[in-house]
Structures are given as C-alpha cells and as structure tokens.
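Have a look at the sequence and the fold, then read on.

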Amino acid sequence: STSNPVLRQPLSASVPAGGTATLTCQVTNLNIADYGGFWYQLRKGQKPRWVLVHWASGQVDRGTGYTDRYLPYRDSATSSYILTISSISEADTGTYYCATVKDNMVFFGNGIHLLIPSE
C-alpha cells in the first residue's frame with residue numbers, strides 16, 4: 001500500500017500592505033506534477049472560501065472574487081505547491097490551506113496564517 005500524501009505549511013507569514021506574500025506547501029509521498037493543488041482561505045467568523053486550483057495541466061481555475069493577484073506555482077525541486085498573493089491588502093488576511101486530491105480522498109495542509117501588520 002502506498003503512503004498518503006502529507007502537506008506541510010509554515011505556521012504564519014507577515015507581509016506589509018502592498019507587498020507580495022509567498023505561501024508554500026511542501027508535499028511528501030506525492031508527485032505534485034500529476035495532481036492538482038487547491039487553496040482555501042479561512043477568515044474568522046466566515047465560511048472557508050475556495051481560492052483556486054492549479055491543475056496538473058497547468059490550467060488555473062479561480063473562486064469568485066479571486067483575481068490574478070493570486071498566482072499558483074509548482075516547485076518540483078522542493079515538491080511544493082506555492083501561492084503568491086500580490087498587492088496585499090487587509091482583505092487578504094486569514095489562514096490559507098493547501099489541499100490535493102488522490103484516490104478520491106482530500107488531503108489538507110495544516111494552514112498558514114497570513115498577517116498584515118498595521119502601519
């Protein structure tokens with residue numbers, strides 16, 4: 001039997017308003033080139049929102065309200081899904097979860113908390 005994928009994310013990142021956040025999600029026990037990478041945003045008191053999916057084909061599908069400020073990448077050298085968010089604003093705060101689907105099961109990362117310090 002093959003091991004399940006494990007998705008690891010740093011616990012937090014702090015990015016000033018107007019800056020660019022780089023959120024990493026390192027994946028073991030999976031060839032990420034062959035599987036879609038999903039991202040979700042969770043804000044306090046709100047339902048989780050689907051940000052985007054980066055399919056194995058390279059196609060990107062985005063959730064409602066998420067523009068191309070949100071760009072996904074794959075880094076094969078570190079076996080990581082990466083989400084960059086440019087022109088950061090207060091609305092971008094929250095916890096971002098990466099996920100992937102294998103054998104009809106969903107595997108989530110532990111989530112990274114994105115902080116935007118006030119001036």
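Is Ser87 buried, partly exposed or exposed? Ser87 is partly exposed, with a relative accessible area of 46%. (Buried means under 20% relative accessible area, exposed over 50%, and partly exposed in between, using a 1.4 Å probe and protein chains only.)

## Ground rules

This is a predicted model, so local features need pLDDT of at least 70 and side-chain atom pairs count only at pLDDT 80 or more, while totals for chains, interfaces and linings use all residues. Residues are numbered from 1 along each chain as its sequence is written, and side-chain values use heavy atoms, leaving out hydrogens and water.

## The overall fold

The chain has zero helices and 11 strands. (Helices are DSSP runs of H or I with at least four residues, strands are runs of E with at least two, and both are numbered from the N terminus.) The radius of gyration is 14 Å, close to the 14 Å that the globule rule gives for 119 residues, so the chain is as compact as a globular protein of that length. That radius is taken over C-alpha atoms, and the globule rule is 2.2 Å times the number of residues to the power 0.38.

Along its principal axes, the C-alpha trace spans about 50 × 30 × 25 Å. Buried residues make up 40% of the 119. Of the contacts between residues at least 6 apart in sequence, 54% join residues at least 24 apart; contact here means heavy atoms within 4.5 Å.

## The core

The largest nonpolar core has 24 residues, and those with the most contacts inside it include Trp39, Tyr70 and Leu83. (A nonpolar core is a set of buried Ala, Val, Leu, Ile, Met, Phe, Trp, Tyr and Cys residues joined through side-chain atoms within 4.5 Å.) Strands β3, β5, β8, β9 and β11 each supply at least two of its residues, and β3 gives the largest share, with four.

Leaving aside residues up to four places away in sequence, Tyr70 touches Val51, Leu52, Arg62, Leu83, Thr84, Ile85, Asp92 and Tyr96. One of those partners, Thr84, sits in strand β8 and is buried at 15% relative accessible area.

## Two salt bridges

The whole structure has two salt bridges, each defined as a side-chain nitrogen of Lys or Arg within 4 Å of a carboxyl oxygen of Asp or Glu. In one, Glu90 pairs with Arg43, with the closest N and O atoms 3.9 Å apart. Glu90 lies in the loop between β8 and β9 and Arg43 in the loop between β4 and β5, so the pair ties together parts that are 47 residues apart in sequence. Glu90 is exposed at 53%, whereas Arg43 is partly exposed at 22%.

Asp92 also forms a salt bridge, with Arg69, and here the closest N and O atoms are 3.0 Å apart. This pair ties together parts that are 23 residues apart in sequence. Asp92 is buried, at 1% relative accessible area, while Arg69 is partly exposed at 24%.

## Loops with positive phi

Back to Ser87, found in the loop between β8 and β9. Its phi is near 50°, a positive value in a residue other than glycine. Asn104, in the loop between β9 and β10, also has a positive phi, near 65°, and counts as exposed at 80% relative accessibility.
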